[in-house]
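Take them one at a time, and ask where each partner sits.

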Amino acid sequence: MSVTSFDPRTGAVVATVADTKDAELRAVLAAATAAAPVLAATSPAQRRTWLHAVADALESHRDELARLADLETALGSERLTGEVTRAAGQLRFYAEVAAEGSYVDVTVDEPTATTPGLVRVNRPLGPVAVFGASNFPFAFSVLGNDTAMALAAGCPVVAKAHPAHAGLSVRQAEIAREALAAAGAPRGTFAVVSGHQVGVDLVRAPEITAVGFTGSQAGGMALWRIAHERDVVIPVYAEMGTVNPVVVTAAGARDFEAVAKGLVGSFTLGSGQFCTKPGLLLAPAGAGAAQAVADALRSAAPEPVMLTSAIADGVRTGLAAMVAAGAEVIAEVPAAGAGWSAPAAVLAAPAAALAPGSRLLEETFGAVVLVVEYADTADLAAVLGRLQPSLAASVFTGGAEDDQAGQVVGLLSGQVGRVAVDAWPTGVAFTWAQQHGGPWPATSAPAVTSVGAAGLARFVRPVAYQSAPDAWLPPEAQAANPWGLPRRVDGKRP
């Protein structure tokens with residue numbers, strides 16, 4: 001069996017990648033298992049050199065990789081060239097996070113007359129399975145955030161090639177393996193496998209200790225169930241996304257033309273195929289929001305091309321389901337007709353239609369937005385209370401003197417991982433303070449992030465060593481601190 005990728009613009013076949021055979025998968029897992037203790041015993045500073053080598057290799061192949069990606073995703077060479085640069089930047093960033101060392105959280109309690117000596121450190125889990133996303137073939141794919149974090153934390157990675165860009169996945173793997181070998185990383189540090197059943201077998205494999213996933217709720221929940229049916233249950237860190245709301249306050253609605261233009265730019269970006277796409281606009285009654293957004297959409301005249309035929313079909317069926325659930329189409333830019341093209345649309349519905357169980361509470365993955373008006377802050381709070389939690393939300397205000405804005409920020413922060421004020425949620429920066437997660441069902445693990453420095457915590461677990469001779473401790477825990485990591489001793493930072 002094999003996986004075939006297509007050109008979304010035409011539907012033509014681009015690449016065919018054979019499914020990984022069972023014997024090949026076993027060999028990959030064996031190599032990853034052998035590499036795990038080597039990575040765990042290697043200093044974060046050394047792992048940094050490995051990740052920098054992969055980043056340098058990506059950038060040296062930037063044009064080639066962007067061309068391959070454009071054939072399989074139709075996302076455009078400019079966007080994809082920039083995304084290669086972003087992926088390289090992510091690898092370097094997480095390498096520096098690892099080398100800084102605070103993620104290890106070395107904590108020492110010296111022995112006293114009444115308590116034993118304890119040393120607590122975060123240790124790498126072991127081999128990690130990574131399932132990337134179709135919409136970011138570099139930043140969230142086989143060499144994306146999850147892979148970079150796991151390697152930085154000292155875990156080997158076995159990534160599954162995404163069927164929408166299978167050829168690109170294989171090429172990235174070749175480049176990464178060559179770079180890692182040249183930098184001195186052990187065999188088994190990184191590998192890519194391919195095939196639907198292979199992905200299932202990968203999660204079931206006893207060698208795998210955790211799963212990183214970015215994609216749909218259906219895909220994330222399927223992997224979560226498989227992982228929880230194992231004899232040894234493992235964590236699945238699934239970023240699945242839902243409808244991300246945008247709230248406009250009464251004061252923020254004074255310049256609604258600018259809000260409408262910005263919303264169209266955000267919900268049509270990448271043909272609406274971002275997990276942070278704003279899918280619901282909540283505006284004060286009488287603001288003329290739906291018509292303003294409709295006018296802005298017609299003016300922009302986007303031509304969405306979806307990543308796969310299934311996603312394109314999902315836009316059409318999603319629109320029909322939203323209309324059946326009580327929404328009205330205010331504006332629609334028809335699909336171009338070629339390849340995996342799909343329409344872009346603005347719909348409107350009364351607040352009462354957002355009832356529990358309504359299809360209007362579910363995401364339509366594509367360039368589709370729903371506009372709903374609210375009467376007052378109490379009505380807004382009631383509507384927000386009926387939404388699924390999500391990754392991000394935005395609030396557009398009248399500035400620092402907006403009396404309503406603080407309350408809205410408080411309401412939103414109770415159900416999202418990130419609140420953007422007077423800004424669109426679409427971009428996700430990889431920084432120290434970033435939180436890219438959210439309550440269930442936006443993610444399967446709301447306490448963690450899949451972007452940002454704190455994401456390394458997903459691939460380690462704390463171990464406390466009580467009354468252990470210093471020589472028996474792992475390097476990061478030894479009194480001489482050979483890796484030069486920050487530590488807390490008796491509750492204080494030296």
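Partly exposed is the class between buried, under 20% relative accessible area, and exposed, over 50%. R316 has a relative accessible area of 38%, so this residue is partly exposed. The model is a predicted one.

Stay with R316. Its salt-bridge partner is D313, with the closest N and O atoms 3.9 Å apart. The cut-off for such a bridge is within 4 Å. Both residues belong to helix α11 (residues 309-324). They are three residues apart, which means a separation of about one helical turn. D313 is also partly exposed, at 44% relative accessibility.

Salt bridges in this model come to 15. Which parts of the chain does the pair D70 and R9 link? Their side chains meet in a salt bridge at 2.9 Å, N to O. D70 lies in helix α3 (residues 62-73). R9 lies in the loop between β1 (2-6) and β2 (13-18). These are distant parts of the chain, 61 residues apart. D70 counts as buried because its relative accessibility is 16%. R9, at 34% relative accessible area, is partly exposed.

Now turn to R92 and E59. Their side chains form a salt bridge of 2.7 Å, N to O. R92 lies in helix α4 (residues 77-100) and E59 in helix α2 (residues 44-60), so the bridge ties together parts 33 residues apart in sequence. R92 is partly exposed at 21% relative accessibility. E59 is partly exposed as well, with a relative accessible area of 24%.

Technical notes
Residues are numbered from 1 along each chain as its sequence is written. This is a predicted model: local features need pLDDT of at least 70, side-chain atom pairs count only at pLDDT 80 or more; totals for chains, interfaces and linings use all residues. Side-chain values use heavy atoms; hydrogens and water are left out. Helices (H or I, at least four residues) and strands (E, at least two) are DSSP runs, numbered from the N terminus. Buried means under 20% relative accessible area, exposed over 50%, partly exposed in between (1.4 Å probe, protein chains only).
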